[in-house]
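Some comments on this entry follow, in numbered points. Please read them alongside the sequence and the coordinates.

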Amino acid sequence: MKVSKKLITGFTLLFFLLVFTSCGKETEEEKEKLDFTICDEKQLPEELKELLEEKKQEVFKLTFSTKDYLYIVVGYGEQNRSNLDVVVEELSLGKNAIYVKTQLVGNEEEDKEIITYPVIVLKCPYMDLPVVFE
């Protein structure tokens, strides 16, 4: 049976494409949930409070660390409505990164006359790993 070079090349490229696109992605089984605390403003380092005040009007994602703690922050910018909550869908530790996923949720009965700046600050023990915002 004679196999064409194009067919072999196509399968080889497909193989490498599958291998390299799946490398670096971690499955749910490879991640472990992280314990965290949701911080209010009183619990934050002064430098982080100042940074949040500067950034609050825009959507942003950032990390801030001290020698003991890692703060993971997601801000949703200026919102022309109230009764909004930021929900943590995931905070997990993978082999090479920390993964975080949040969502902004609102209530049907909200006051659209009030401007708010929804933000969530998650605090966990310091780890020298990149944070992936999903």
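1. Confidence. pLDDT is the predictor's confidence in each residue, on a scale from 0 to 100. The model is predicted, and the protein chain has an average pLDDT of 84, with 75% of the residues scoring at least 70. Residues 3-23 fall below 50, and this stretch makes 1 contact in the model beyond near neighbours in sequence. Where pLDDT is low, the predicted coordinates should not be read in detail.

2. Secondary structure. The protein chain contains 2 helices and 8 strands. Read from the N terminus, the order of elements is α-β-β-α-β-β-β-β-β-β.

3. Main core. The largest nonpolar core comprises 17 residues, and I72, L91 and I98 have the most contacts inside it. At least two residues of this core come from each of β4 (69-76), β5 (84-93), β6 (98-106) and β7 (119-125).

4. Surroundings of I72. Once neighbours within four places in sequence are set aside, the contacts of I72 include L91, I98 and V100, as well as I120, V121, L122 and C124. Also among them are L62, T63, V131 and F133.

5. Second core. What does the second, separate core include? This core has 10 residues, among them F60, L62, F64 and V73. L62 is also one of the contacts of I72.

6. Whole-chain figures. Of the 134 residues in the protein chain, 31% are buried. Counting contacts between residues at least 6 apart in sequence, 69% join residues at least 24 apart. The protein chain exposes about 9,700 Å², of which carbon and sulfur atoms supply 52%.

Methods:
Residues are numbered from 1 along each chain as its sequence is written. This is a predicted model: local features need pLDDT of at least 70, side-chain atom pairs count only at pLDDT 80 or more; totals for chains, interfaces and linings use all residues. Side-chain values use heavy atoms; hydrogens and water are left out. Contact means heavy atoms within 4.5 Å. A nonpolar core is a set of buried Ala, Val, Leu, Ile, Met, Phe, Trp, Tyr and Cys residues joined through side-chain atoms within 4.5 Å. Buried means under 20% relative accessible area, exposed over 50%, partly exposed in between (1.4 Å probe, protein chains only). Helices (H or I, at least four residues) and strands (E, at least two) are DSSP runs, numbered from the N terminus. Accessible areas come from the Shrake-Rupley method with a 1.4 Å probe; for residues, only the protein chains shown count as cover.
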